[in-house]
Amino acid sequence: MKMFSFFVVMLFCLGVFGLQEGETEMFKTPQQIHLAYTNDPTSMAVSWYTKDPSDLLGGVWYGIEQQDLGSFSSSTSLALSDGSGYYHTAVMTGLEPGRIYHYFVGSRHEFFSDVYTFRIPNPSEKVRILAFGDMGTFPRGDTTLMHSIRVHEVNPAEPHRMPTVVLQAGDLMYPFGNGGMIAAWFDAMAKVGARVPFMVAPGNRDQQDIITERFEMPMAAYGEHPEPARHNFYYSYDVNCVHFIVISTNFDTFHSNSHQYKWLKKDIEQAQQNVQDPSSSISWIVLMGHTPIYSSSDGHTQGNHELKLAIEDLLEPVTLCLWGDDHVYERSYPVFQSIADIPSNKHVLDERPSKPIHITVGTGGIDNDAWAVDQPDWSAERLITKGYLSMEAKKNSFSVAFIDRDSREVRDYFDIHENGGLNAHPLLLAGGFLLFVGLVAMFLKGKKTGKSGPGV
Ligand SMILES: [Fe+2]
């Protein structure tokens, strides 16, 4: 292992003295670095961009001790089809759950990235998920929300407190072929994505070549992926108690004989079996796609009808469906075939819902849409603002909060807790605690004055 460290130092030295005329650090230094989960919980994929091509020495150096990043995985490289540069991917393997890792990447032996830190979750710990869709970058949309996540959620000095995963439900950057906008979005994203796995779904405003060439999403959690070349468009993976599914609502068809439809049916069936199996760690199914099948905004009034007809039958076992495309926040009650189960308290579900809850969260940064109709019966909350979902999944509970990007207030929340467990949202726990303190204070005061208490 130490041999590698020595090797790296040598390469740095060679690099300092080996610059060729015309070569600049900017062209060779890795940029746009971002992590992604694989289908192996002991592995982590990392991708990055360079203006100039790599040579055979490219890869990722990683380890537990920051001063001894002795493990190495070589990268595969791809010339981008728009001619703007190269993308490289390497997979760190043999990672231990619960450990903090440090890494840097390099695409030419002369140039390396900074050292970044990430953490592999312990199998038993909660899964902390941040999610939003439809961000964009200047002059169409903005990355303020990514900056907010970077500042408030991803502190490199506190890797234990970082989210487990960040999700974007499509319409990443609204690039319109503009290389400057593409680079600006990736630069903003990498400030989060170099430290927390950043998982994406494709949206109708995304360029397919960007989804294909600049990400390395997993394949399929169960069995083979039916179309390996499309694995960045639809895929699934497990992280602790959550089975994540990503579907491609705009670029891959859903007719009943299509690869994606048949795969989705099988994947959800297997995940449902796992949820019902007490020996399995999987407790929740979270699906992310771009175009919503329930919406009351003017993007898709009543949701995308065609997509709803095509896939809703498959989604019954899914706990949470996350969508973008409509630039609003809207959360449904548990709903299936347009019939909603309306609980007495819209913030608490005392048992696992038997129908999916749909959340449209196209509030990443692009201009907001408006409402097309009055709030439908199935709609529990709807907001026109910008923000992101902050969620915590444990084996027997799932809590969801929508954080306003600018005020940072919790604008909506709900908790699912099975078996009446005490796994309520932190806001509810804080309220309960204050109530308890109040009651104790009243009791003590009563005892002092002799006006209340047992036997009075
Ligand atoms: Fe959009």
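I begin with an aromatic cluster: Y49, Y87, W185, F186, F198 and F215 belong to one such group. Rings of Phe, Tyr and Trp, the last taken as its six-membered ring, pair if their centres lie within 6.5 Å; planes under 30 degrees apart count as stacked, over 60 as edge-to-face and the rest as tilted. The model is a predicted one, in which local features need pLDDT of at least 70 and side-chain atom pairs count only at pLDDT 80 or more, whereas totals for chains, interfaces and linings use all residues. Residues are numbered from 1 along each chain as its sequence is written, and side-chain values use heavy atoms, with hydrogens and water left out.

Across the whole structure, the search for aromatic pairs returns 20. Among them is the pair of W61 and F72, which is tilted, with 4.6 Å from centre to centre and 50° between the planes. This pair links distant parts of the chain, since W61 sits in strand β3 (residues 59–63) and F72 in strand β4 (residues 71–74), 11 residues apart. Helices (H or I, at least four residues) and strands (E, at least two) are DSSP runs, numbered from the N terminus. W61 is buried, at 1% relative accessible area, while F72 is partly exposed at 29%. In these terms, buried means under 20% relative accessible area, exposed over 50%, and partly exposed in between, with a 1.4 Å probe and protein chains only. In the pair of Y235 and Y237, the ring centres are 6.0 Å apart and the planes are at 25°, so this pair is stacked. Y235 has a relative accessibility of 0% and counts as buried; Y237 is likewise buried, at 0%.

I turn to the metal site. Which residues donate to the iron ion? The protein donors are D134 (OD), D171 (OD), Y174 (OH) and H327 (NE2), at 2.1 to 2.4 Å from the ion. Donors here are N, O and S atoms within 2.8 Å of the metal (3.2 Å for Na, K and Ca); water is not among the atoms, so sites may look incomplete. Along the sequence, the donor residues follow the spacing D-x36-D-x2-Y-x152-H.

As to geometry, the angles among the 4 donor atoms run from 84 to 176°, and the site is irregular. By the criteria applied, four donors count as tetrahedral if all angles lie between 85 and 135 degrees; four count as square planar and six as octahedral if opposite donors are over 155 degrees apart and all others between 65 and 115; anything else is irregular. For reference, ideal angles at a metal are 109.5 degrees for four tetrahedral donors, and 90 or 180 degrees for six octahedral ones.

Next, two loop residues. T385 lies in the loop between β24 (379–383) and β25 (387–394), and is buried at 11% relative accessible area. Its side chain makes a polar contact of 2.7 Å with the side chain of D404. A polar contact is a pair of N or O atoms within 3.5 Å; within protein, one must be able to donate a hydrogen and the other to accept it, and residues adjacent in sequence count only if both atoms are side-chain atoms. Setting aside residues up to four places away in sequence, T385 touches T363, N368, F402, D404 and R411, where contact means heavy atoms within 4.5 Å.

P376 is placed in the loop between β23 (357–361) and β24, and is buried at 14%. Neighbours within four places aside, P376 is in contact with S296, E330 and R382. Between the C-alpha atoms of P376 and Y294, 82 residues apart along the chain, the separation is 9.9 Å.

Some backbone features deserve mention. The peptide bond from F138 to P139 is cis, with omega near 5°, and P139 belongs to the loop between β11 (136–137) and β12 (140–141). F176, although not a glycine, has a positive phi of about 50°; F176 is exposed, at 52%. R408, also not a glycine, has a positive phi of about 65° and is partly exposed at 27%.

I close with the chain as a whole. Its secondary structure comes to 8 helices and 27 strands, and buried residues make up 54% of its 456 residues. Of the contacts between residues at least 6 apart in sequence, 67% join residues at least 24 apart.
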